[in-house]
Amino acid sequence: MDPGDPAGHRTAGECRCTGQDPLLLLQTLQTLWSTRERQQLQEEAWRGFAALDDPLAGLLDMLESSRGWRGKGPSLEAWISHQLQCWLRAQPRPGPAQHSPRLEQLQARAVRVLTESPSSLAAPLASIFQLQDADQSCLLEHVHRLYHEGRFREAVMLGTKLKLQPELDVEKMSIPLLLQDKVALVERYVAGFPDLQRRLLALMDSWCQPGFDIKDVVRQHPQVASVRLEKLSPQVLSRQVLRLQEQFSVIPALCPHAAMQQRLAALRHLCHKRFVEKSLSQENWADHVQGLVGQSPWLQEQLSQLLASLSDPSMAAQCTLNLPLPEDRLLATVAAGLGQLQLQGRAAEAVSRLNMKDVKDHYYQLPIPRENIYLLTSQEDLARHKDALLQPQQVVGVDLEWTLVFIAGGRPRPSLLQVATEGCVFLLDILAFTQPPAGQGAQAFSQLVAQLLSDPSITKLGYGMAGDLQKLGMSCPILAHVEKQVLGGVDLLLVHRQMRMAGMPTPGMARAGGLRGLSLLVQQVLGTTLDKTQQLSNWDRRPLFEEQLIYAAADAYSLLEVHQALCREPARFHLSGDLAGSQRPRHRERPGTQEPPGLQEALAAPRQVPLAVAEATIPQVPARTFRVVCDNMLQGLARSLRCLGVDVHVLDNSEDHRRAAEVARLEGRIILTSGQPYHTVSTPRMSPRGLNLIFPSSQPLGHPTSGLACHGLDPGTSAIPLMGRERAPAPCWRRQAGSGQVPGSVLPLSSLAEPLQLRAQVGAGRCLMVDGSLKAQQQAKAVLRHFNVRVTHADIFSRCQACNCDQYLKVSRDTMKQLMRLSGHQEGPRTSGDKSTQSQESQEPGPAPEEAPGGCTHDRPCRWLQAADLCAETPDMLANGTRLQLARVPAGVLRTLGLWHFYCCTRCGKVFWDGSHLGRVATHFRDILESAPGPCELSPAPSPASSFF
């Protein structure tokens with residue numbers, strides 16, 4: 001039957017003459033509602049609507065006579081209202097005239113119903129009875145009553161649906177929701193009202209001003225529950241304000257405090273780059289800081305505090321040079337150091353440049369003379385070098401430089417395009433060519449670049465080339481979507497992923513700790529790394545510094561040398577002979593169809609990879625006996641491993657990586673970490689007093705003491721040479737007797753200035769660095785392969801992903817219904833306005849339990865829940881004190897056909913049930929599961945197969 005005409009194509013006149021009683025229709029629908037026959041229910045409802053003399057009055061009769069809709073959760077009456085709204089749209093029919101007494105009477109009844117109904121009825125009633133045009137006094141009174149009762153969300157939602165925003169105080173309505181971090185709901189409330197949007201932004205920006213205490217606002221609203229103070233810090237709130245400012249197209253001057261907070265965040269980021277990572281030179285740091293601080297007294301004060309937090313006053317004074325900071329805002333020690341530096345003048349600068357040159361000698365060096373680096377800034381320059389740039393059959397390296405934007409809403413603008421050919425590098429000044437944007441220079445530049453990229457005879461090398469070309473297209477409209485027109489391109493980023501996918505050590509990786517991107521690839525292939533100190537420099541400044549030109553040329557030319565090395569010995573780097581064929585496909589494949597890249601380990605490090613791994617003789621380890629400890633940056637990996645039965649301990653956010661070493665030693669676990677912690681772990685700094693400096697006897701006496709000042713040693717520290725057999729490979733400290741240390745103990749010099757390596761705290765092969773750029777499931781596959789872990793279908797879901805427990809209690813469906821009823825959770829989770837919750841509650845009941853590949857189901861024996869397992873006073877609490885998470889079980893799951901059992905974790909109380917998730921997990925990990933699972937192995941733990949929350 002056509003759902004648009006459930007009445008069987010009867011005419012409207014024939015239907016209305018029957019005059020069906022609305023209450024009889026309600027009884028019929030109530031019977032069908034209990035059977036959950038949705039198709040039959042809809043057909044009967046639409047037939048009934050067509051048979052009513054007045055469908056609008058009939059709906060109000062049904063709502064006024066019923067009480068089901070006055071509860072919480074889904075109801076038949078709310079469903080009927082929604083279906084009538086749909087029916088009226090599909091069956092247009094004349095209704096009461098606008099402002100007629102008949103319509104006003106219906107609107108008055110609808111408003112009375114609305115004041116007693118949940119918010120789910122507001123939208124259909126407002127649409128059916130045109131409540132936006134009704135007398136708003138009653139509606140406003142109802143909204144205010146909801147607000148004063150503390151039902152802020154319902155008040156805002158009702159005001160939004162009835163278009164009452166102009167009549168309500170936007171600040172009053174928004175503050176409670178902002179305190180609860182329901183910004184999305186407030187966004188919908190002010191949508192379409194520019195004046196309200198500006199007032200909302202002004203309110204939120206006022207909370208970002210220096211010295212503002214959000215707790216004062218909280219105290220003024222004691223009725224607001226679940227306040228999210230962590231989401232109301234100036235740093236977090238300023239990001240929300242600037243996002244909304246761009247979304248609402250509001251002028252930046254309206255949000256000055258949020259912009260100031262973001263500048264402060266950028267200052268902190270730059271200080272981290274300069275003083276912690278040491279990846280930013282002093283000149284570039286000062287250049288960025290000057291642009292951020294400007295003449296703002298508050299930012300000057302904040303910068304002074306950041307510099308004062310440095311442990312070395314001389315470093316703070318060095319960084320204060322050439323900054324717009326009044327001396328009265330500096331600490332006395334910093335001001336004194338600044339005065340000395342100003343007196344020293346150029347002498348100190350010359351020494352600094354000499355030291356910098358010694359450091360730069362350790363980086364990748366351009367193999368071409370300086371005169372072979374050409375900076376092209378005019379149309380004449382392009383014409384002069386066009387033949388060299390477009391020479392057929394050549395290989396070129398292509399790179400792009402731009403200035404990072406630290407302010408929200410700003411987009412980086414490409415400044416320099418580098419093209420490296422054999423023996424030469426051409427630096428094309430994009431800013432010079434694109435001013436004016438439609439000038440002859442811009443056209444000549446765009447034509448040359450388009451011709452270069454579209455020539456299939458020229459091999460173009462890049463690293464992340466598509467992203468670079470997209471940025472180039474944004475700055476040059478003629479080159480928009482140029483990344484789709486590239487012919488003969490080889491993206492070494494994709495080749496690099498293919499190298500890592502092999503999962504084997506590659507030459508040079510032992511020293512590649514902490515590197516990423518092209519710098520990591522250069523280290524692995526050429527054995528040296530790129531100097532990235534100019535990466536964050538100001539590329540918009542003209543003229544460019546000499547250091548910037550050398551850096552830009554080196555970035556592009558290194559692509560040529562890497563490509564040559566890979567083509568000479570592809571097998572050495574686990575690649576095929578056809579380098580272009582080693583690239584990964586550009587399109588995204590479906591989950592489970594692509595092989596994950598390998599781990600970015602500190603490969604070839606003798607302390608980290610045992611000999612057995614290299615010889616492929618490591619014994620197979622069952623998944624349930626494999627035990628690891630993950631840092632808090634690998635929580636996704638932890639859940640994936642637990643999903644396969646691995647025992648995983650995850651560090652808390654408050655625990656540092658020393659705790660990982662302790663847990664690994666005490667519990668026999670393997671450490672899985674990512675990034676810098678693999679190479680370093682924080683250690684308490686030791687006082688240099690009472691220490692002797694020890695150095696090899698082959699070095700002249702006093703030689704190491706030239707660096708004592710940088711370690712903060714006092715002049716009384718003594719230097720002792722090692723004699724005879726007592727040799728040290730590097731300068732060390734010896735603690736004198738009586739200082740609390742074992743007499744004669746030798747400590748490495750780096751323990752005073754550098755953190756201790758995490759991998760050195762455990763045995764060989766007990767610490768592995770995981771590539772953080774991979775997805776969690778890919779990381780899990782690589783870890784299991786690396787340690788030769790055997791995973792069977794019976795291991796899937798044998799352990800709780802939330803708490804790592806492997807003990808469950810089996811609960812029948814009838815028992816679960818009783819527990820939910822006794823605990824007051826029979827309606828399942830309630831919607832809170834967020835999309836994730838709504839999607840859970842609106843989903844249809846899941847399918848019956850599936851079989852895993854190979855015919856293996858997960859209905860294995862585990863202990864049934866007994867009455868003795870529950871507290872007599874609290875039915876939803878286990879005897880061990882664990883509260884079952886019954887509130888998170890949707891009511892629809894209890895009505896799923898074929899679902900008879902639930903599984904409750906005895907440690908955290910999480911509830912699981914069988915469903916389609918088992919099949920998805922088995923598909924994702926099918927390449928590491930045993931090929932022939934056979935019958936499921938018996939285990940005391942169940943396998944909750946799906947739909948956990």
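Analyst: Of the 949 residues of the chain, 46% count as buried, where buried means under 20% relative accessible area, exposed means over 50%, and partly exposed lies in between (1.4 Å probe, protein chains only). The model is predicted: local features need pLDDT of at least 70, side-chain atom pairs count only at pLDDT 80 or more, and totals for chains, interfaces and linings use all residues. Residues are numbered from 1 along each chain as its sequence is written, and side-chain values use heavy atoms, with hydrogens and water left out.

The secondary structure comes to 35 helices and 19 strands; these are DSSP runs numbered from the N terminus, with helices (H or I) of at least four residues and strands (E) of at least two. Among contacts between residues at least 6 apart in sequence, 72% join residues at least 24 apart, a contact being heavy atoms within 4.5 Å.

An α-helix has 3.6 residues a turn, so residues three or four places apart point the same way.

The buried residues of H23 are Gly 441, Ala 442, Ala 444, Phe 445, Ser 446, Leu 448, Val 449, Leu 452 and Leu 453. The loop between H22 and H23 holds Pro 436, and the peptide bond from Gln 435 to Pro 436 is cis, with omega near 0°. Another cis peptide bond runs from Arg 542 to Pro 543, again with omega near 0°. Pro 543 lies in the loop between helix H26 (517-526) and helix H27 (546-568).

A nonpolar core is a set of buried Ala, Val, Leu, Ile, Met, Phe, Trp, Tyr and Cys residues joined through side-chain atoms within 4.5 Å. The largest such core has 79 residues, of which Ile 80, Leu 125, Phe 129, Leu 131 and Trp 207 touch the most other members. Helix H5 (residues 76-90) gives the largest share of this core, seven residues. A second, separate core has 36 residues, among them Tyr 364, Ala 554, Leu 566 and Phe 573. In soluble globular proteins, nonpolar side chains tend to be buried together.

All five of the five residues of strand S18 (residues 901-905) are buried, so S18 is largely enclosed by the rest of the structure. His 901, Tyr 903 and Cys 905 point one way from S18, and Phe 902 and Cys 904 point the other way. In a regular strand the side chains alternate between the two faces of the sheet. S18 runs antiparallel to strand S17 (residues 808-812), with five bridges joining them; two strands pair if DSSP finds at least two bridges between them. S18 also pairs in the antiparallel sense with strand S19 (residues 911-913), over three bridges. Phe 902 stands opposite Val 811 of S17, and its bridge partner in S19 is Trp 913. S18 and S19 form a hairpin with five residues between them, and Gly 909 in the turn has a positive phi of about 80°.

Positive phi values are also found in residues other than glycine. Lys 163, in the loop between helix H9 (152-161) and helix H10 (170-179), has a phi near 60° and is exposed, at a relative accessible area of 52%. Ser 249 has a phi near 55° and is exposed at 67% relative accessibility.
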